[in-house]
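Subject: The structure I promised you

Hi,

Here is the structure for you to look at. Open it up, keep it beside this email, and read along with my notes.

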Amino acid sequence: MFPKPVYLRCALLLCGVSILSACDRKASEPLVIEGKTMGTFYRVSLAGVDKNRENALRAQIEAQLADDDHQLSTYKDDSVLSRFNQYQGNVPQPVSAGMADAVVTSIRIGRLTGGAMDITVGPLVNLWGFGPDKQPVKTPTPEQIAAARQRIGLQHLKVIQQSDGQYLQKDLPGMYVDLSTVGEGYATDHLARLIEGNGISNYLVSVGGAVVSRGHNAQGKPWQVAIQKPTDKETAVQAIVDLQGMGISTSGSYRNYYELDGKRLSHIIDPATGAPITHKLVSATVIAPTALEADGWDTGLMVLGTHKALALAEKQHLAVYLITKEGDTFKTYMSPQFKAYLKDPE
Ligand code: FAD
């Protein structure tokens, strides 16, 4: 579930100079509340907040994350999403406003990526062993892939807004929606709203690989986030960005993978081929107004590959940072919009 934009506690993790000056000044540290959620980790860094608020904030944070998990998880059979996936009819099923919003955003981005990002791709994700099911012991057959592909397609999924609430409707009985690509971004934005609801305006929040920040860090400086080098051999920084109040998310194909029949298979599935991507793009980072949008775009760009991703970024004016791996060499590509966030432009 890596790469994660590795964020810095008040920019203290990187450059030797800022670490020395901060320690000499005995700079105040942010209040950090962290824990496990959704098969990954969450972390909330709050500048200027008293330690005695920690327990009350932690209780609210973990209750909200548990509810998000109950809505969006495909890893819990009794979640709202799992019950929708198990339902074989086409009567609209009630969902929360937050889940409806996550699905509407996913369908919008899915269409803009030409179906490369497709939250109905769940049958293929599970067939290749990247969902709650076990990994296959041999490569799925063309017949199995074709059968799974019969059950996917954004055109078969609808969000219905009614006066008494919002509903999801499918016209494909075997449809299996997988919100893993946007769940972290959704939960990150949702946590940010909770923090602001507690009257806190200087924070950095992350769930898995999605991050959002507001205001400044404990040293009164902009929160900075580091994008990791796309390798599972070490944790190294590829670039540092100043989020300027935006959301960021990275999708990668070099951490969540396994080897089968001599091939390395990543968890990013191309709905057009029904199989994991095989091109050289290994990491896509997107900065967007919300972590949900950034999280939705990053997977779609990973599926499209470098050149189509850059063309789409240009068309949609997206702030995008891509890393390809050719042999042992990493090459980076970025859209003009991304440059404005880079701390030390390359
Ligand atoms: P991203 O790159 O953001 O998304 C990749 C994921 O999206 C893939 O893993 C796949 O599920 C899906 N996907 C693949 N191809 C496409 C495509 N073309 N279009 C759309 N989606 C695609 N993991 C656990 O191990 N245990 C848990 O209990 C667990 N609970 C979860 C609960 C929730 C609510 C959510 C949202 C996820 C949960 N997960 C769990 C999954 C895990 O947290 C990550 O979401 C997952 O591994 C992907 O995170 P990522 O950011 O690395 O991937």
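This is a predicted model: local features need pLDDT of at least 70, side-chain atom pairs count only at pLDDT 80 or more; totals for chains, interfaces and linings use all residues.

You'll find Q244 in the loop between β10 (237–242) and β11 (247–252). Leaving out neighbours within four places in sequence, Q244 is in contact with A340 and Y341. With A340 there is a polar contact too: a polar atom of the Q244 side chain lies 3.2 Å from the backbone oxygen of A340.

Now for some residues in strands. Y258 sits in strand β12 (residues 257–260). At 7% relative accessibility, Y258 counts as buried. Which residues does Y258 touch, leaving aside neighbours within four places in sequence? They are W128, F130, Q135, P136, K263, R264 and L265. R43 is another matter: Y258 and R43 are 215 residues apart in sequence and 27 Å apart in space, C-alpha to C-alpha.

T37 has its place in strand β2 (residues 31–37). T37 counts as buried because its relative accessibility is 9%, and the cut-off for buried is under 20%. Not counting residues up to four places away in sequence, T37 touches Y42, L65 and V207. Remember L65, as that residue comes up again below.

Next is L281, in strand β16 (residues 281–288). With a relative accessible area of 1%, L281 is buried. Beyond its neighbours within four places in sequence, L281 is in contact with S253, L301, M302, G305, T306, L322, I323 and T324. K315 is 34 residues from L281 along the chain, and the C-alpha atoms of L281 and K315 are separated by 19 Å.

On to the helices. Helix α8 (residues 291–304) has 14 residues, and from its first C-alpha to its last it reaches 20 Å, close to the 20 Å expected at 1.5 Å a residue. How many of the residues of α8 are buried? The count is 13 of 14, so α8 is mostly covered. After α8 comes G305, with a positive phi near 90°; G305 is also one of the residues in contact with L281.

Then there is α7. Its 18 residues should span 26 Å at 1.5 Å a residue, and its end C-alpha atoms are 26 Å apart, which agrees. This helix is mostly covered too, with 14 of its 18 residues buried. Just after α7, G199 takes a positive phi of about 75°.

Finally, look at how helix α2 (residues 54–72) and helix α7 (residues 180–197) pack: the angle is about 145° and their axes are 10 Å apart. The crossing of α2 past α7 is right-handed. On the α2 side the contact is made by Q60, I61, Q64, L65, D68 and L72, and on the α7 side by G183, Y186, A187, H190, L191, L194 and I195. By class, this contact has 8 nonpolar, 4 polar and 1 charged residues. And there is L65 again, part of the contact with α7 and touched by T37.

Cheers

Notes: Residues are numbered from 1 along each chain as its sequence is written. Side-chain values use heavy atoms; hydrogens and water are left out. Axes are lines fitted to C-alpha atoms, for helices over the stretch in contact, and angles run from 0 to 180 degrees between N-to-C directions. Helices (H or I, at least four residues) and strands (E, at least two) are DSSP runs, numbered from the N terminus. A crossing is left-handed if the near helix is turned anticlockwise from the far one by less than a right angle, and right-handed if clockwise. Contact means heavy atoms within 4.5 Å. Ala, Val, Leu, Ile, Met, Phe, Trp, Tyr, Cys and Pro count as nonpolar, Asp, Glu, Lys and Arg as charged, and the others, Gly among them, as polar. Buried means under 20% relative accessible area, exposed over 50%, partly exposed in between (1.4 Å probe, protein chains only). The expected span of a helix is 1.5 Å times one less than its number of residues. A polar contact is a pair of N or O atoms within 3.5 Å; within protein, one must be able to donate a hydrogen and the other to accept it, and residues adjacent in sequence count only if both atoms are side-chain atoms.
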